[in-house]
Amino acid sequence: MKKLRPERLVGCTFQGVTPLGTSYITINERTIGEPFEVFVNCAKAGSETAAVAEALGRLISLVLRIDVTASQRVRLSEVQRQLAGIGSGHFRLDNPMQVFSLADAIARPLNQYLNDTEDHIESTQTSLGTGLEDLQADEADES
């Protein structure tokens with residue numbers, strides 16, 4: 001069964017360069033760090049590249065919405081791992097920072113998103129933990 005899309009989601013958009021032009025990858029979340037859908041825009045509307053980009057975004061979103069036991073972060077991480085490093089005939093080996101393909105261009109912001117939100121989740125948990133420890137210490141002092 002597929003999870004229903006809420007009426008409103010919050011997300012972020014990453015801009016990047018691919019061998020076929022500028023790409024925009026948007027990752028929307030249900031809650032912070034819980035990816036729900038991905039939109040991929042690249043190339044001119046109506047082109048074959050734009051169609052493939054849209055298809056990849058839809059498939060990634062489907063993977064995130066399927067109701068399974070693996071978390072959405074774990075599923076997105078596996079998608080990122082599968083797409084990373086896929087090459088095409090449109091890259092040069094003399095530039096190690098160059099994006100190898102549309103798939104690789106999608107994998108890079110997915111990886112950045114996972115790293116950024118992991119840092120945010122950890123800092124939130126740390127501050128919540130510190131707040132809980134302070135509250136417990138205050139309660140102990142009152143006893």
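The model is a predicted one.

**Strand pairing**

Strand β1 covers residues 10–18 and pairs with β2 in the antiparallel sense, over nine bridges. Within this pairing, V17 stands opposite T22 of β2. The two strands form a hairpin, and two residues lie between them. Strand β2 also pairs with β3, again in the antiparallel sense, here over eight bridges. The table sets out the two pairings.

| Strand pair | Sense | Bridges |
|---|---|---|
| β1 and β2 | antiparallel | nine bridges |
| β2 and β3 | antiparallel | eight bridges |

As a general point, side chains in a regular strand alternate between the two faces of the sheet.

**The largest nonpolar core**

The largest nonpolar core has 19 residues, and those that touch the most other members are V38, I60, L76, L83, I106 and L110. Two or more residues of this core come from each of β2 (21–31), β3 (34–42), α1, α2 and α3 (102–142). Helix α3 gives the most, with seven residues.

I60 illustrates how these residues meet. When neighbours within four places in sequence are left aside, I60 is in contact with V38, L76, V79, L83, I106 and L110.

I121 belongs to helix α3. Apart from neighbours within four places in sequence, I121 is in contact with I32, G33 and R73. I121 and I32 are separated by 89 residues in sequence, yet their C-alpha atoms are 7.7 Å apart in space.

**A nonpolar surface patch**

L59, L62, I66 and V68 make a nonpolar surface patch of about 320 Å². Of these residues, I66 is found in the loop between α1 (48–65) and α2 (72–83). Is I66 buried or partly exposed? Its relative accessible area is 34%, so I66 counts as partly exposed. A residue can join such a patch if its relative accessible area is over 30% and it has no salt bridge; the value of 34% for I66 lies over that cut-off.

Key. Residues are numbered from 1 along each chain as its sequence is written. This is a predicted model: local features need pLDDT of at least 70, side-chain atom pairs count only at pLDDT 80 or more; totals for chains, interfaces and linings use all residues. Side-chain values use heavy atoms; hydrogens and water are left out. Patches are made of residues with over 30% relative accessible area and no salt bridge: like charges are joined within 9 Å, nonpolar side chains (Val, Leu, Ile, Met, Phe, Trp, Tyr) within 5 Å. Accessible areas come from the Shrake-Rupley method with a 1.4 Å probe; for residues, only the protein chains shown count as cover. A salt bridge is a side-chain nitrogen of Lys or Arg within 4 Å of a carboxyl oxygen of Asp or Glu. Helices (H or I, at least four residues) and strands (E, at least two) are DSSP runs, numbered from the N terminus. Buried means under 20% relative accessible area, exposed over 50%, partly exposed in between (1.4 Å probe, protein chains only). A nonpolar core is a set of buried Ala, Val, Leu, Ile, Met, Phe, Trp, Tyr and Cys residues joined through side-chain atoms within 4.5 Å. Contact means heavy atoms within 4.5 Å. Two strands pair if DSSP finds at least two bridges between them.
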